[in-house]
Amino acid sequence: MNIHPSLLPKYRGAAPIQRALLAGEQETGVTVIVLSERVDAGDIVDQEAVSVGQDATAGELSQLLADAGARLVLDALTRLEEGAANRMPQDPKLATHAPKITKAERNIDWRDSAQGIHNRIRALSPEPGAVTSYRQKRIVLLRSRVHLTADGGEPGQLLVRHSGLVVAAGSGAVEILELRPEGKRAQTGSDFRNGHRPVAGERFAA
(Lines give C-alpha, C1' and ligand atoms only; values in the text may rest on other atoms or scores of the structure.)
Protein backbone atom coordinates (compact mmCIF):
# COMPACT_ATOMS: atom_id res chain seq x y z
CA MET A 1 0.00 0.00 0.00
CA ASN A 2 0.91 3.64 -0.33
CA ILE A 3 -0.27 6.92 1.20
CA HIS A 4 -0.62 9.79 -1.25
CA PRO A 5 -1.26 13.41 -0.14
CA SER A 6 -4.17 14.20 -2.43
CA LEU A 7 -7.71 13.05 -3.12
CA LEU A 8 -6.79 10.67 -5.93
CA PRO A 9 -7.20 10.52 -8.83
CA LYS A 10 -6.52 14.28 -8.57
CA TYR A 11 -2.87 15.38 -8.39
CA ARG A 12 -1.05 12.19 -9.23
CA GLY A 13 2.69 12.75 -9.18
CA ALA A 14 5.60 14.24 -7.28
CA ALA A 15 4.18 17.57 -6.06
CA PRO A 16 0.51 17.13 -5.11
CA ILE A 17 0.57 19.53 -2.15
CA GLN A 18 2.32 22.31 -4.07
CA ARG A 19 0.06 21.89 -7.11
CA ALA A 20 -3.09 21.96 -5.00
CA LEU A 21 -2.02 25.25 -3.40
CA LEU A 22 -0.98 26.74 -6.74
CA ALA A 23 -4.45 25.95 -8.02
CA GLY A 24 -6.05 27.62 -5.00
CA GLU A 25 -7.80 24.44 -3.84
CA GLN A 26 -9.92 24.86 -0.73
CA GLU A 27 -9.91 21.12 -0.05
CA THR A 28 -7.43 18.31 -0.55
CA GLY A 29 -6.73 15.17 1.44
CA VAL A 30 -4.92 11.86 1.71
CA THR A 31 -5.58 8.58 -0.05
CA VAL A 32 -4.49 5.06 0.82
CA ILE A 33 -4.04 3.00 -2.34
CA VAL A 34 -2.85 -0.44 -3.35
CA LEU A 35 0.38 -0.17 -5.31
CA SER A 36 0.17 -0.70 -9.06
CA GLU A 37 2.50 -0.54 -12.04
CA ARG A 38 1.32 2.98 -12.92
CA VAL A 39 2.28 5.80 -10.57
CA ASP A 40 -0.45 6.66 -8.04
CA ALA A 41 -3.05 4.75 -10.08
CA GLY A 42 -3.79 1.82 -7.75
CA ASP A 43 -7.16 0.96 -6.26
CA ILE A 44 -8.34 3.27 -3.46
CA VAL A 45 -8.64 1.67 -0.02
CA ASP A 46 -9.62 4.82 1.87
CA GLN A 47 -9.60 8.62 1.68
CA GLU A 48 -9.91 11.55 4.05
CA ALA A 49 -10.58 15.14 3.00
CA VAL A 50 -8.76 18.05 4.65
CA SER A 51 -9.76 21.72 4.41
CA VAL A 52 -7.07 24.07 3.11
CA GLY A 53 -6.70 27.37 4.97
CA GLN A 54 -6.54 30.41 2.70
CA ASP A 55 -3.06 31.31 3.95
CA ALA A 56 -1.73 27.79 4.66
CA THR A 57 1.77 27.07 3.35
CA ALA A 58 2.92 23.80 1.82
CA GLY A 59 4.84 23.02 5.00
CA GLU A 60 1.79 23.51 7.19
CA LEU A 61 -0.51 21.56 4.88
CA SER A 62 2.04 18.75 4.63
CA GLN A 63 1.94 18.31 8.41
CA LEU A 64 -1.88 18.24 8.44
CA LEU A 65 -1.92 15.62 5.72
CA ALA A 66 0.77 13.55 7.43
CA ASP A 67 -1.31 13.43 10.61
CA ALA A 68 -4.43 12.47 8.65
CA GLY A 69 -2.51 9.87 6.67
CA ALA A 70 -1.13 8.22 9.80
CA ARG A 71 -4.64 7.76 11.17
CA LEU A 72 -6.00 6.59 7.85
CA VAL A 73 -3.37 3.95 7.13
CA LEU A 74 -3.70 2.39 10.57
CA ASP A 75 -7.43 2.01 10.04
CA ALA A 76 -6.89 0.65 6.52
CA LEU A 77 -4.37 -1.93 7.73
CA THR A 78 -6.77 -3.11 10.40
CA ARG A 79 -9.61 -3.49 7.91
CA LEU A 80 -7.37 -5.27 5.40
CA GLU A 81 -6.24 -7.70 8.09
CA GLU A 82 -9.88 -8.39 8.97
CA GLY A 83 -10.82 -8.79 5.32
CA ALA A 84 -13.21 -5.86 5.59
CA ALA A 85 -11.47 -3.36 3.34
CA ASN A 86 -13.03 -2.34 0.03
CA ARG A 87 -11.00 -1.55 -3.08
CA MET A 88 -12.35 1.08 -5.47
CA PRO A 89 -10.69 1.52 -8.88
CA GLN A 90 -9.72 5.06 -9.81
CA ASP A 91 -11.47 6.71 -12.74
CA PRO A 92 -8.66 7.66 -15.15
CA LYS A 93 -10.90 10.28 -16.77
CA LEU A 94 -10.79 12.27 -13.53
CA ALA A 95 -7.01 12.05 -13.14
CA THR A 96 -4.93 15.21 -12.96
CA HIS A 97 -1.17 15.37 -12.66
CA ALA A 98 1.20 17.06 -10.25
CA PRO A 99 4.69 17.18 -11.77
CA LYS A 100 7.73 18.34 -9.86
CA ILE A 101 8.12 22.10 -9.44
CA THR A 102 10.56 23.51 -11.98
CA LYS A 103 13.14 26.20 -11.35
CA ALA A 104 11.28 28.62 -13.62
CA GLU A 105 8.07 28.19 -11.62
CA ARG A 106 9.77 29.60 -8.55
CA ASN A 107 9.96 33.07 -10.10
CA ILE A 108 7.24 35.52 -9.12
CA ASP A 109 5.60 37.31 -12.03
CA TRP A 110 4.21 40.43 -10.44
CA ARG A 111 1.82 40.87 -13.39
CA ASP A 112 -0.14 37.94 -12.00
CA SER A 113 -3.14 38.56 -9.72
CA ALA A 114 -2.60 39.09 -6.00
CA GLN A 115 -4.29 35.75 -5.29
CA GLY A 116 -2.13 33.95 -7.84
CA ILE A 117 1.07 35.39 -6.36
CA HIS A 118 -0.05 34.57 -2.83
CA ASN A 119 -0.82 31.00 -3.89
CA ARG A 120 2.64 30.62 -5.45
CA ILE A 121 4.40 31.93 -2.34
CA ARG A 122 2.58 29.61 0.03
CA ALA A 123 2.79 26.63 -2.35
CA LEU A 124 6.59 26.86 -2.39
CA SER A 125 7.12 27.61 1.31
CA PRO A 126 9.32 26.68 3.05
CA GLU A 127 11.11 24.88 0.19
CA PRO A 128 12.16 25.49 -2.52
CA GLY A 129 10.75 29.01 -2.03
CA ALA A 130 9.29 31.56 -4.44
CA VAL A 131 11.89 34.09 -5.58
CA THR A 132 12.06 37.72 -6.60
CA SER A 133 14.78 40.37 -6.52
CA TYR A 134 15.26 43.78 -4.96
CA ARG A 135 18.13 46.13 -5.63
CA GLN A 136 19.66 43.36 -7.75
CA LYS A 137 19.72 40.87 -4.89
CA ARG A 138 17.73 37.65 -4.71
CA ILE A 139 14.95 37.28 -2.15
CA VAL A 140 13.02 34.15 -1.18
CA LEU A 141 9.42 34.90 -0.22
CA LEU A 142 8.07 32.63 2.51
CA ARG A 143 4.75 33.94 3.78
CA SER A 144 2.19 36.40 2.48
CA ARG A 145 -1.45 37.40 2.36
CA VAL A 146 -3.67 39.19 -0.08
CA HIS A 147 -3.95 42.84 0.96
CA LEU A 148 -7.62 43.70 0.87
CA THR A 149 -7.43 47.49 0.76
CA ALA A 150 -4.31 48.39 -1.22
CA ASP A 151 -4.67 49.35 -4.87
CA GLY A 152 -2.77 51.23 -7.53
CA GLY A 153 0.85 50.97 -8.50
CA GLU A 154 2.62 49.09 -11.28
CA PRO A 155 3.20 45.33 -10.87
CA GLY A 156 6.03 44.74 -8.41
CA GLN A 157 5.98 48.29 -7.06
CA LEU A 158 6.37 48.64 -3.29
CA LEU A 159 3.38 50.55 -1.97
CA VAL A 160 5.19 52.50 0.73
CA ARG A 161 2.12 54.51 1.68
CA HIS A 162 0.81 51.36 3.39
CA SER A 163 2.30 49.95 6.58
CA GLY A 164 4.22 46.70 6.31
CA LEU A 165 5.70 45.40 3.04
CA VAL A 166 2.92 45.70 0.46
CA VAL A 167 3.59 45.02 -3.23
CA ALA A 168 1.34 45.81 -6.18
CA ALA A 169 0.29 42.91 -8.40
CA GLY A 170 -1.30 42.81 -11.84
CA SER A 171 -4.58 43.11 -9.96
CA GLY A 172 -4.69 43.87 -6.24
CA ALA A 173 -1.72 43.75 -3.90
CA VAL A 174 0.15 41.28 -1.71
CA GLU A 175 1.57 41.87 1.74
CA ILE A 176 4.83 40.01 2.31
CA LEU A 177 4.87 38.74 5.89
CA GLU A 178 8.12 36.75 5.86
CA LEU A 179 11.07 36.58 3.48
CA ARG A 180 14.71 35.56 3.33
CA PRO A 181 17.11 38.05 1.70
CA GLU A 182 20.16 36.68 -0.09
CA GLY A 183 22.80 35.60 2.43
CA LYS A 184 20.61 36.35 5.45
CA ARG A 185 18.16 34.64 7.75
CA ALA A 186 14.40 34.82 7.39
CA GLN A 187 12.82 38.02 8.67
CA THR A 188 9.44 39.71 8.74
CA GLY A 189 8.33 41.99 5.97
CA SER A 190 8.20 44.89 8.42
CA ASP A 191 11.81 44.29 9.50
CA PHE A 192 12.88 44.15 5.85
CA ARG A 193 11.16 47.45 5.16
CA ASN A 194 12.65 49.11 8.23
CA GLY A 195 16.12 47.91 7.29
CA HIS A 196 16.04 48.81 3.59
CA ARG A 197 13.80 51.90 3.74
CA PRO A 198 12.32 51.58 0.23
CA VAL A 199 11.23 54.75 -1.50
CA ALA A 200 8.17 55.37 -3.68
CA GLY A 201 8.52 53.78 -7.10
CA GLU A 202 10.96 51.01 -6.14
CA ARG A 203 10.02 47.53 -7.26
CA PHE A 204 10.48 43.85 -6.73
CA ALA A 205 11.52 42.28 -10.01
CA ALA A 206 11.40 38.78 -11.49
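How many bridges join S5 to strand S7? Eight bridges join them, and the two strands run antiparallel. The tour returns to this pair below.

**Before selecting anything**

The model is predicted: local features need pLDDT of at least 70, side-chain atom pairs count only at pLDDT 80 or more, and totals for chains, interfaces and linings use all residues. Residues are numbered from 1 along each chain as its sequence is written, and side-chain values use heavy atoms, with hydrogens and water left out. Helices (H or I, at least four residues) and strands (E, at least two) are DSSP runs, numbered from the N terminus.

**Stop 1: the sheet S1-S2-S3**

Select residues 2–4 (S1), 27–33 (S2) and 44–51 (S3). These three strands make an open sheet in the order S1-S2-S3, with antiparallel pairing; two strands pair if DSSP finds at least two bridges between them. S1 and S3 are the edge strands, each pairing on one side only. From one strand to the next the twist averages 15°. S1 and S2 are joined by three bridges, and Ile3 has Val32 in S2 as its bridge partner. H2 packs on this sheet, touching S1, S2 and S3, and its direction makes about 150° with that of S3. Such angles run from 0 to 180 degrees between N-to-C directions, and the axes are lines fitted to C-alpha atoms, for helices over the stretch in contact.

**Stop 2: helix H2**

Select residues 58–81. This helix, H2, has 24 residues and reaches 33 Å from its first C-alpha to its last, close to the 34 Å expected at 1.5 Å a residue. The expected span is 1.5 Å times one less than the number of residues. Now colour the buried residues of H2, among them Leu61, Leu65, Ala68, Leu72 and Ala76. Buried means under 20% relative accessible area, exposed over 50%, and partly exposed in between (1.4 Å probe, protein chains only). An α-helix has 3.6 residues a turn, so residues three or four places apart point the same way. The cover over the buried residues of H2 includes S1, S2 and S3 as well as helices H1 (16–22) and H3 (114–123). Just after H2, look at Gly83, which takes a positive phi of about 75°.

**Stop 3**

Select S4 (residues 130–134), which pairs with S5 in the antiparallel sense over five bridges. Ser133 has Arg138 in S5 as its bridge partner. S4 and S5 form a hairpin with two residues between them, and Arg135 in the turn has a positive phi of about 50°.

**Stop 4: Thr132**

Thr132 lies in strand S4. Is Thr132 buried or exposed? It counts as buried, at 3% relative accessibility. Its C-alpha is separated by 5.0 Å from that of Ala206, 74 residues apart along the chain. A polar contact of 3.0 Å joins the side chains of Thr132 and Trp110. A polar contact is a pair of N or O atoms within 3.5 Å; within protein, one must be able to donate a hydrogen and the other to accept it, and residues adjacent in sequence count only if both atoms are side-chain atoms. A polar atom of the Thr132 side chain also lies 2.7 Å from the backbone oxygen of Ala205.

**Stop 5: His162**

Finish in the loop between S5 (137–147) and S6 (166–168), where His162 is found. His162 is buried, with a relative accessible area of 18%. Leaving aside neighbours within four places in sequence, His162 is in contact (heavy atoms within 4.5 Å) with His147, Ala150, Asp151 and Arg193.
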